[in-house]
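Welcome, and thanks for opening the viewer. Let's walk through this model one selection at a time.

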Amino acid sequence: MEKKSVGALAFLWLKDHRKSIVLYLVLMFLYCVVAALSKIPMGPIIYSTYVFGFIGIVICLWDYQKYVKKYHALLNVYENRGISLEQLPMSKNLIEETYQEILKALYDNQQAAKMQLGEQKTEMSDYYTLWAHQIKTPIAAMKLLLEQKEEQNGYMLETELFKIEQYVEMVLQYLRLESISSDLVLKPYSLQDIVRQAVKKYAMSFIGKKLTLQLEPFEETVLTDEKWISFVIEQILSNSLKYTQTGSITISVEDTEEETKLMIKDTGIGISPEDLPRICDRGFTGYNGRMDKKSTGIGLYLCKQVTTRLSHHLEITSVVGKGTTVTLGFRKNKKI
């Protein structure tokens, strides 16, 4: 904003007050006309005109001084944007007061948005830093296996490549989460088909860890988005495989009047009671994640966000040393 000169300020003041000045001059003229028609001597008329004129000039100079003072106060706020809006000049009428309230509200909204953006940027930076460290591990393992050039390394290479695919898929879904509403395709799907596709994707992990899969038959159809619910089921299976060293993973369905429940139960190390309430918070890894040293605390957070936006129900129960059960609830006869 360019600083106004004294002449420019005077011109702008006259422009802003032209109606009042014209009205005052018209009233003085009417007074003179009425006084002349009333046969009042010219001396008193001229004298009173001078008095009214002098009073008018004094009022104009006083108002102009306030006008200039307020302009410089606003200019100071503009040039020093770091100062508080509380230092704005005092409003002299309802309109100015309303404008200042609007400015303060806009400023507060801007500060809140700036803070939120800063938090998101920090979270994204932390996540990408951890993600970059995570993905280096399978890449380094693949490089080492390729250097050894042994035939039996084929399975291990596939395993490490699968981990990389998982990490890439995770970060893509993390980026897409904000625009999930425009990406949903809701229609009835066979729950068994979705589960079988997810299980097939992790078949190599089941074989590698020598875990038993107990997949009970079911024929339920659910209203959902195939791509996003597949991602949720895959994340749940991934966690079960990560924290289950021996035993089995059981997938079953329970049908009630209100919802269809898909339950994925493992015989892993379980989750401590103090960690359960926060297990779906962004960035929370819990005791298991800290022991693993590779957990980002993003997987279950994404699962919770996705199921919430799909109007599905996500519940996690666990007993330390015995295993964890994750339940996905699909509501019946209800629009999402």
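**Stop 1: the surface.** Select Tyr 24, Tyr 31, Tyr 47, Val 51, Phe 52, Phe 54, Ile 55, Val 58, Ile 59 and Trp 62: together they form a nonpolar patch on the surface with about 990 Å² of accessible area. A patch here takes residues with over 30% relative accessible area and no salt bridge, joining nonpolar side chains (Val, Leu, Ile, Met, Phe, Trp, Tyr) within 5 Å and like charges within 9 Å. A salt bridge is a side-chain nitrogen of Lys or Arg within 4 Å of a carboxyl oxygen of Asp or Glu, and areas come from the Shrake-Rupley method with a 1.4 Å probe, with only the protein chains shown counting as cover for residues.

Before going on, please note that this is a predicted model: local features need pLDDT of at least 70, side-chain atom pairs count only at pLDDT 80 or more, and totals for chains, interfaces and linings use all residues. Residues are numbered from 1 along each chain as its sequence is written, and side-chain values use heavy atoms, leaving out hydrogens and water.

Now colour helix 2 (18-37) and helix 3, the elements that give two or more residues to the patch. Helices (H or I, at least four residues) and strands (E, at least two) are DSSP runs, numbered from the N terminus. Helix 3 gives the most, with 8 residues.

**Stop 2: the largest core.** Next select Ile 233, Leu 237, Leu 262 and Leu 328, which touch the most other members among the 44 residues of the largest nonpolar core. Such a core is a set of buried Ala, Val, Leu, Ile, Met, Phe, Trp, Tyr and Cys residues joined through side-chain atoms within 4.5 Å. Helix 8 supplies the largest share, 8 residues. Setting aside neighbours within four places in sequence, Ile 233 is in contact (heavy atoms within 4.5 Å) with Ile 194, Val 195, Ala 198, Leu 262, Ile 264 and Leu 328. A second, separate core of 6 residues includes Trp 131, Ile 164, Tyr 167 and Val 171.

**Stop 3: a ring pair.** Finally, show the aromatic side chains: the whole structure holds 3 aromatic pairs. For Trp 13 and Tyr 64, the ring centres are 6.0 Å apart and the planes at 85°, so the pair is edge-to-face. Rings of Phe, Tyr and Trp (its six-membered ring) pair if their centres lie within 6.5 Å; planes under 30 degrees apart count as stacked, over 60 as edge-to-face and the rest as tilted. Trp 13 lies in helix 1 (residues 6-16) and Tyr 64 in helix 3 (residues 42-79), so the pair ties together parts 51 residues apart in sequence. Trp 13 is buried, with a relative accessible area of 6%.

Terms used: Buried < 20%, exposed > 50% of the residue type's maximum accessible area, 1.4 Å probe, protein only.
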